[in-house]
Amino acid sequence: MTLWNDVSHGDDEDSVIVPQIVAGQKELFRILIQRYQAAIHGMGMSFFRNAEDASDFTQEVLLKVYRSLSQFEGRSRFSTWLYRIAYTTAVNSINRKKEYQSLAEEELISPNDLPEVTLLKEAARKAVLDALEDLPERYRICVDLFFFYDRSYQEIESITGYPVNTIKSHVFRAKKLLREKLAGFDSVEGGGVS
């Protein structure tokens with residue numbers, strides 16, 4: 001599942017547009033809005049999981065980006081700088097609300113499931129939640145982005161600012177912990193955490 005659009009192709013254009021906006025051509029900001037609004041909203045949905053909060057988040061991030069454009073020094077790609085602002089805004093908002101929840105908390109149980117399948121799914125879900133709860137928040141965020149949002153290590157680095165090797169380490173440790181916690185489901189389901 002892809003929640004964020006790949007907008008890195010616009011980075012060359014962004015490096016031309018941003019100085020023009022800073023120099024007074026404010027109307028050009030609409031180009032950046034068109035290019036990044038959907039991606040920011042997707043990130044908001046991944047953190048807040050409802051359209052209203054994601055829309056508020058998108059507006060807040062775009063306003064912060066607009067106000068901070070003069071601080072963009074071009075040492076990184078513009079999209080990386082923008083996603084860093086978005087990620088920091090999301091994490092700060094979650095810390096204020098203390099509501100971060102893993103996507104593993106979503107219900108996977110269907111009303112059409114047989115009772116034994118429902119019990120297995122609920123037990124597996126609980127085991128995943130227990131395993132994730134044992135991880136520090138920075139691990140859980142990396143794990144959520146990797147497993148539940150299918151983000152690459154490089155995308156997670158762009159979003160969180162963690163080095164790729166740190167992300168790999170977090171995901172590796174989480175896989176090991178999940179594998180241990182879910183060992184009993186391996187024989188029943190015929191699979192496991194790889």
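## A tour from helix 3

Start by selecting the buried residues of helix 3: A54, F57, T58, V61, L62, V65 and S68. Look down the axis. These residues cover an arc of only 135° around it, so they sit on the same side of helix 3. Keep in mind that this is a predicted model.

Now show the whole of helix 3, residues 51-68. It has 18 residues. From its first C-alpha to its last it reaches 25 Å, close to the 26 Å expected at 1.5 Å a residue.

Turn to the face pointing away from the buried side. Select E52 and R67 there; both are exposed.

How far apart are the ring centres of F29 and Y66, and at what angle are the planes? The centres are 5.0 Å apart and the planes are at 70°. An angle over 60 degrees counts as edge-to-face, so that is what this pair is.

Is F29 buried or exposed? F29 is buried, with a relative accessible area of 8%. Y66 is partly exposed, at 32%.

Finish with the other aromatic residues. Select Y36, F72, F78 and W81: they form one aromatic cluster. Across the whole structure, a search finds six aromatic pairs.

How values were computed. Residues numbered from 1 in each chain as written. Predicted model: local features only at pLDDT ≥ 70, side-chain atom pairs only at ≥ 80, totals over all residues. Heavy atoms only, no water. Phe/Tyr/Trp six-rings, centres within 6.5 Å; stacked < 30°, edge-to-face > 60°. Helix = DSSP H or I, 4+ residues; strand = E, 2+ residues; numbered from the N terminus. Buried < 20%, exposed > 50% of the residue type's maximum accessible area, 1.4 Å probe, protein only. Expected span 1.5 Å × (residues − 1). Arc of directions from axis to C-beta.
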